[in-house]
Amino acid sequence: MKKTLITLLFFSFTCLIHNQNIAAQGKMEENTNTWKSPDDDILKILHAPQLPRTSTSPPRTHMLLTDPIIYPTLSELAGPMLKLAGTRVNPKNNYYHGRHGGTSPRILTIKDGKTIPLNIPEGAEVMSTYWTKDGQRFALSVGFEDRIELWMGDITGKVEKVPNMVLNPIMDQAVKWFPDQEKILVRRIKDRGAPPQKPTMPKGPKILEDAGASARSTYESRNLLVTAHDDELFSYYTQCELVIYDTKTKKSKVVGPAASYIYGNVSPDGNYLLIERLKAPWSHEVAWWRFANDIEVWDLDGKLVKTVVNQPLANEVPVHGVITGPRYVSWQPTAPHTLFWREALDGGDPVAEVEFRDKLMRWEAPFNKKPEEVFKAEHRIQNTLWGQDDGMLMVYQRERMKRWRYVWLLDVDKGTSKLWFDLDENDRYNDPGYPLFTQMDNGKYVIKVEDGSIYFRGRGGSKEGDRPFVDKRNIETGKVERIFRCEKDKYEYFVDFAEEPNTFIMSSESSSTVPNFYLAKFGETIKADDGEATKKITKKPITKFVDPSPELRQVENKIIKYKRDDGVELSFQLLLPPGYKEGTKVPTVVYAYPLEYGGAKTAGQVRGSSNRFMRIYGASHKYFLMRGYAVLDNTAMPMIGDPETVYDTFVPQLVADAEAAVAKAVDMGIADPDRIGIIGHSHGGLMVANLLAHSDLFCAGIARSGSYNKTNQPYGFQGERRSLFEATKSYIDCSPTFFADKVNEPILIIHGDDDSNPGTLTFQSEVFYEAVRGSGGTARLVLLPFEDHGYRAKESIEHVLWEQMNWFDKYVKNREITEDKKVEKSEE
C-alpha cells in the first residue's frame with residue numbers, strides 16, 4: 001500500500017512539474033491563434049436583450065427594473081484583480097471582480113404598469129436596491145468604474161447622490177435600514193490613502209507549517225493570501241468605517257472606526273448594534289470567513305456593551321464540519337434586543353458519536369446574565385427561521401449520513417418544541433417548499449403566519465415536471481390546503497402577496513410565451529385538471545416584456561422518461577431543432593451533470609419543466625439546436641448508494657446511465673447512434689472523460705473545467721467523504737488521467753486559465769490533455785486567459801461557442817464512418 005501511494009504521489013508531482021512544459025507549448029500555440037466567433041445567427045441570440053432584473057417594494061406596489069450586464073469584456077477581466085482570502089476584488093472600485101449591476105433603472109407601478117426613469121449618470125450601474133418598509137423610498141448602491149456610491153430615491157423617480165458616501169460592499173451588505181426607516185447603517189470608505197505598493201523584493205519566502213493537524217475542506221483554500229503584501233492589500237480593501245446616516249436630516253455619525261468589519265446589524269428596537277470584525281494577523285491557510293474575529297454588541301455611539309465571543313482562527317475545521325463556539329449570531333426579530341446563535345456540541349466534527357450535535361443559545365440585553373440554552377438538536381442545524389408570532393422559531397436539521405431533513409417548530413418563549421415534518425432532502429415530489437416571509441414594523445423579515453397556518457412556496461416536482469405551488473400548512477394539525485399551483489401547460493410561480501386582499505404577484509411563461517409578471521386574484525375553490533383542489537385564479541399583466549429571440553420558439557421541448565438496466569427510472573429533456581421532421585435521425589448532443597442519491601426512488605424523479613421559455617446564456621450546449629442537432633438536456637446521471645461508498649461504483653453507474661439515455665434516444669428514432677457527442681462542465685467534465693475512457697457510446701466529447709485526477713484532492717471531493725488513504729482504489733478508478741490511454745474518441749478540453757476552484761485547478765486539464773495526446777489520442781486543449789471556473793468575458797464565450805461548434809461538426813455531425821465501424825454495428 002505504501003508503495004502504491006508513493007507511486008501515486010510521484011505521478012501527481014511529476015504532472016505538476018511537467019505542467020511547465022505544457023504551458024510553454026500552449027504559449028507557442030497562443031501566438032498562432034486569435035479569438036474566434038460563431039456565426040451571426042448564434043451571435044444574435046447570444047447578445048439578444050436580456051429580460052430586466054427586478055426589485056419589488058415590500059408592500060408590492062412598485063418594482064425597480066434594470067437591464068443586466070451579462071458579459072464583461074476580456075479587457076476588464078484582464079485588468080487589475082486581487083485574490084484576497086477567498087474573494088476576488090476589483091481594486092478600481094473595491095467591488096467583486098467581474099461582477100456588474102444593471103443599467104437604465106426605472107420605477108414600475110404594479111397597478112397600472114407605468115414606468116418612470118431614474119436619472120443616474122450615464123455608464124453608472126445599480127448594484128443593489130434597499131427599500132424602506134412602506135415602499136415609498138429606497139437607497140441604491142450605484143457603481144462607477146472607480147467607486148460604489150450611495151444614492152437615495154423615491155417612487156416619484158427622484159434620485160440624488162449622498163455626498164461623501166463611497167461604499168465598501170466586500171463581505172457584507174453595504175446599507176441596512178434602522179427600524180425607524182429614517183436612518184441607515186453604512187459601510188463607508190473614507191480617507192484611507194493610496195493602496196499599499198508591491199515591494200520590489202518579497203519580504204521573505206512562502207512558508208506553511210503544521211504538526212498533528214487534521215484534514216480540512218478544500219472550499220476554504222481558494223484565492224488565499226500568499227505574501228505579506230497580500231496581507232496589506234486585504235487590510236486595505238476590506239477596511240471601512242461604520243456610519244449612521246440620517247436620511248431626513250442628511251447628517252452622519254461615525255460609530256465604528258476603520259476596521260475589517262464582516263457584519264453589522266441593528267437590533268429590532270434600534271438601540272444596539274451587533275458587530276463582527278476580523279482580527280489580524282491574517283491566515284494564509286484559510287479564507288476570511290475562518291479568520292479570527294470578535295463579535296460584540298455596541299450602543300449607538302459605538303461604545304462596547306458586551307463581547308459575545310472572541311473567536312480564534314478556525315484553520316482546523318474538519319471536512320464537512322463547523323467551527324466551535326457561537327456561529328450565526330443574530331438578533332431575534334420578534335424581541336427588542338435578544339441575541340440567538342448556534343453552537344456545536346460535537347466539537348464541530350460531523351463523524352463524532354454524540355447524542356446531540358448542536359444547541360441554540362439566547363442572550364438578552366443588557367447581557368448581565370449568562371446566555372441561556374434554548375434547544376438541543378440531534379443533527380446539525382442548517383437554518384433557523386423566525387415566525388410572525390413572538391416565540392415561534394422553525395429549525396431545519398440535516399442528518400448527514402441519510403441526507404435527511406428534519407423541520408422542528410419551537411416556541412422559545414414557552415419552551416416547547418415538536419418535530420413538524422421530515423423527508424429525504426432529494427425528494428422533489430414530496431418537498432413542501434419553504435415558508436413565505438412578511439416584513440414587520442421594525443423592518444425585519446419573519447415567516448408569514450395567518451389563521452394559525454404558515455404559507456409554503458415550492459417548486460412542485462412531479463412526474464410531468466416542475467409545477468410550482470403555494471400551500472397553507474396548519475401549525476397544529478399539519479393539514480395542507482393548496483391555494484395555488486402552476487397550470488400544466490405553463491410554468492408559473494408565486495412571487496408574493498400584493499397590497500390588496502386576496503391578490504398576489506405571479507410570473508407566468510410557457511415554451512412559446514415570454515415570462516411576464518401578473519397581478520392575480522384568488523377566486524373560489526375549484527378542482528384542477530388533475531382533480532386536486534386549488535383556488536381559481538384571474539390575472540392581468542403588470543409587465544409586457546417581448547421575445548428577444550423568436551427563432552428559439554421553433555425548438556420543441558419534451559420530458560422523456562425511461563429506465564436503466566437495473567430498473568432505476570431516469571429522464572431527460574428532449575430538445576428538437578427548428579424544422580425537425582418526425583422520424584429523422586439527427587446528430588445528438590448529451591448534456592449532463594452527475595448527482596448523488598441515497599436511493600433509486602429519488603434518483604429517478606423528473607427535474608425541470610418542458611414549459612419554460614427558452615433563453616440561452618453563455619457558452620451553452622443548446623446552441624447546437626441551431627445547427628440541426630437534437631439535445632438531451634438535464635440527462636439524469638445518478639450515483640446511487642451509501643454516501644460513504646457511492647464512489648466505489650461511480651464509473652459503472654455512469655456508463656449504465658449513459659447507455660440508458662443513448663438507447664432511449666436511438667429507439668425513439670431521433671439520435672443517430674453513430675453521431676452522438678457528450679458535453680459536461682466541472683464534475684460533468686469528469687463525467688465526459690470517464691465515459692470516453694470506459695465506453696464507446698459517444699463519437700466525441702467536450703469536457704470543460706473538469707477535474708481528472710482525484711488524488712489531487714486527498715481529503716474528499718463532491719460527496720466523497722473518505723480520504724485518498726482510506727479509498728485509494730476509488731480515487732484512482734474515477735480519475736480518467738489514469739485511463740487516458742483508453743480515450744479513443746476525440747476530446748475537446750476547455751478550461752479557465754485562472755480557475756480558483758481547488759478541485760479543478762487549471763493544471764488538471766493541462767495534464768489530462770498531455771496524457772491523452774501522449775497516448776496517441778485526439779485531443780485539443782483551450783485555455784481561456786483570465787477566466788475562473790465559469791466563463792464570463794464576451795470574447796471567451798464567443799470563442800468557446802466557436803470551438804464547440806467546430807469540434808462536434810467535425811467529429812460528430814460530419815464524421816466519417818469507417819468500414820470497421822459499419823461491420824461492428826451490423827454484428828450488433
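Mentor: The side chain of H681 reaches the backbone oxygen of H789 at 3.0 Å. This is a predicted model, and that distance is computed from its coordinates. A polar contact of 3.2 Å also joins the side chain of H681 to the side chain of R704. H681 itself is found in strand β45, residues 671-681. With a relative accessible area of 14%, H681 falls under the 20% limit and is therefore buried. Not counting residues up to four places away in sequence, H681 touches Y591, Y593, R704, S705, H789, G790 and Y791.

S705 sits in the loop between β46 (700-704) and α8 (728-733). Its phi is positive, about 50°, although S705 is not a glycine. At 0% relative accessibility, S705 counts as buried. D451 also has a positive phi, of about 55°, without being a glycine. D451 lies in the loop between β31 (449-450) and β32 (453-458), and at 66% relative accessible area D451 is exposed.

Next, the nonpolar cores. The largest has 59 residues, and L691, F698, I747 and F768 have the most contacts inside it. Helix α6, residues 650-667, gives the most to this core, with 9 residues. F698 touches V590, A658, V662, I676, G677, I678, L691, L692 and E745, leaving aside residues up to four places away in sequence. Another core, of 36 residues, lies apart from the largest one; Y71, I679, I702 and F808 are among its members.

The structure holds 0 disulfides. C240 is buried, with a relative accessible area of 2%, and C734 is buried at 1%.

Elsewhere in the chain, strands β8 (residues 125-131) and β9 (residues 137-144) pair in the antiparallel sense over 6 bridges. They form a hairpin with 5 residues between them, and G135 in the turn has a positive phi of about 75°. T129 has L140 of β9 as its bridge partner. Strand β8 is mostly covered, since 5 of its 7 residues are buried.

Two cis peptide bonds are also worth checking on the display. The bond from A280 to P281 is cis, with omega near 5°, and P281 is found in the loop between β17 (273-278) and β18 (293-298). The bond from A365 to P366 is cis as well, with omega near 15°; P366 is found in the loop between β22 (358-364) and β23 (372-377).

Towards the end of the chain, N814 lies in the loop between α10 (794-813) and α11 (819-827). At 52% relative accessibility, N814 counts as exposed. N814 and D299 are 515 residues apart in sequence and 72 Å apart in space, C-alpha to C-alpha.

Last, the confidence. The mean pLDDT of the protein chain is 92, and 93% of its residues reach 70 or more. Over residues 1-31 the pLDDT is below 50, and that stretch has 27 contacts in the model beyond near neighbours in sequence. Over residues 823-828 the pLDDT is also below 50, with 2 contacts beyond near neighbours in sequence. Where pLDDT is low, predicted coordinates should not be read in detail.

Note on methods. Residues are numbered from 1 along each chain as its sequence is written. This is a predicted model: local features need pLDDT of at least 70, side-chain atom pairs count only at pLDDT 80 or more; totals for chains, interfaces and linings use all residues. Side-chain values use heavy atoms; hydrogens and water are left out. pLDDT is the predictor's confidence in each residue, from 0 to 100. Contact means heavy atoms within 4.5 Å. A disulfide is a pair of cysteine sulfur atoms within 2.5 Å. Buried means under 20% relative accessible area, exposed over 50%, partly exposed in between (1.4 Å probe, protein chains only). Helices (H or I, at least four residues) and strands (E, at least two) are DSSP runs, numbered from the N terminus. Two strands pair if DSSP finds at least two bridges between them. A nonpolar core is a set of buried Ala, Val, Leu, Ile, Met, Phe, Trp, Tyr and Cys residues joined through side-chain atoms within 4.5 Å. A polar contact is a pair of N or O atoms within 3.5 Å; within protein, one must be able to donate a hydrogen and the other to accept it, and residues adjacent in sequence count only if both atoms are side-chain atoms.
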